[in-house]
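Biologist: I am new to this structure. Could you take me through it in questions and answers?

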Amino acid sequence: MTNVQPSGVSASLERDDLLAIYELMLLSRLLDERQWILNRQGKAPFVISCQGHEAAQVGSAYALKPGKDWVLPYYRDLGVVLTLGFTPTEVMMGLFARVGDPNSAGRQMPAHYGHRKLNIISQSSPTGTQVPHAAGVGLAIKIRNEVAGKIVDDAVAWVSFGEGTSSQGEIHEAMNLAGTHKLPVIFVCENNGYAISVPQRQQMGVEDVADRAAGYGFPGVVVDGSDPVACFEATQAAVERARRGDGPTLIEFKCLRLTPHSSDDNDRTYRSPDEIKAMKQHDPVIMFEAHLKAEEILTDEKEAEIRARIKQQVNEATAAAEAAAHPDPSTLFDHIYADNLKR
């Protein structure tokens, strides 16, 4: 197991990349905050938040190739799907369950992301089911290359989950398969310390989920999930390893969950006011913003320009989704049964 220390710099990222990462993090935050407002207004049925995970999600997804690599996110990965090409309007279409929703044309729960053109595979609501799917994608890539006798497909499968999910049996099966066959899979654990309301100390007997990788024969890496540059670099190294045919990596991002588990949860019942206050002091969006200003990459004027542009995007996305059509009831069974079974 390796600890990756935050550096704030990367040989692979230019100033424009850092600004793009900042803008994606801020877009994730402001779009997330709008969803909570809509929920409290009674317009959105359910919200599961990415707040506190933006650096890990955007930094990691920035190392992938949209439409080439296969991505199996979990429900908290708003920053991941925005980085890979989801538009704010598509996100809102999913929240309102409109027919223009790319996840399922309005038939999935909110935040169950999927997008055919972007190679984003939709997940089930039970946690962890996407992880064996990722191992299966990795196995398919390997078989394709073995049949060809050379690397004709160097795509990777990137899959994410929380530390609570890492206790599920599917995780063991997927990692064992990937380790045994050296599959091109990037396992990403976004560890925010809570499985809904259960703290990590009551979930597992180890401090770092990444320690488990050694048992499957591949590297495990612990990264500060508040540093998008460190998250990018760790993912980039894992992607390069997978493309070379050297097998999987488990990356554990230590994140903060700045909100309750979901819009149906109240974290004041199991978190102290002091803990919540301390978390806010390490908000990854604010910290990265301060870092970019200290490095004279971001100015107050540029920040104001970016915030105004994002606010307009969020407003337009909200209005478009609210005005969009609901799915037609006649399409209820579309994409559920094979066409030749329809009557």
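This is a predicted model: local features need pLDDT of at least 70, side-chain atom pairs count only at pLDDT 80 or more; totals for chains, interfaces and linings use all residues.

Modeller: Residues are numbered from 1 along each chain as its sequence is written, and side-chain values use heavy atoms, with hydrogens and water left out.

Biologist: How many helices and strands are there in the protein chain?

Modeller: Helices (H or I, at least four residues) and strands (E, at least two) are DSSP runs, numbered from the N terminus. Counted this way, the protein chain has 10 helices and 8 strands.

Biologist: What is the radius of gyration of the protein chain?

Modeller: The radius is taken over C-alpha atoms, and the globule rule is 2.2 Å times the number of residues to the power 0.38. For 343 residues that rule gives 20 Å, and the chain comes close to it, so it is as compact as a globular protein of that length. The radius of gyration is 20 Å.

Biologist: What percentage of the residues of the protein chain count as buried?

Modeller: Buried means under 20% relative accessible area, exposed over 50%, and partly exposed in between (1.4 Å probe, protein chains only). Of the 343 residues, the buried part is 54%.

Biologist: How far apart are the end C-alpha atoms of helix α1?

Modeller: Helix α1 covers residues 15–40, which is 26 residues. The expected span of a helix is 1.5 Å times one less than its number of residues. For α1 this gives 38 Å, and the model agrees: the end C-alpha atoms are 38 Å apart.

Biologist: How many of the residues of α1 are buried?

Modeller: Helix α1 is largely enclosed by the rest of the structure, because most of its positions are buried. Of its 26 residues, the buried ones number 19.

Biologist: Which residue forms a stacked aromatic pair with Phe187?

Modeller: Rings of Phe, Tyr and Trp (its six-membered ring) pair if their centres lie within 6.5 Å; planes under 30 degrees apart count as stacked, over 60 as edge-to-face and the rest as tilted. The structure holds 7 aromatic pairs, and in this one the centres are 5.9 Å apart with 15 degrees between the planes. Phe187 lies in strand β4 (residues 185–191) and its partner in the loop between β6 (198–199) and β7 (220–224), so the pair ties together parts that are 31 residues apart in sequence. The partner is Phe218.

Biologist: Which residue forms a salt bridge with Asp154?

Modeller: A salt bridge is a side-chain nitrogen of Lys or Arg within 4 Å of a carboxyl oxygen of Asp or Glu, and the structure holds 21. Asp154 lies in the loop between α5 (130–148) and β3 (157–162) and its partner in the loop between α2 (54–61) and β2 (70–72), so the pair ties together parts that are 86 residues apart in sequence. The closest N and O atoms are 2.4 Å apart, and the partner is Lys68.

Biologist: Are Arg271 and Asp267 buried or exposed?

Modeller: Their side chains meet in a salt bridge, at 3.1 Å from N to O. Both Arg271 and Asp267 are buried.
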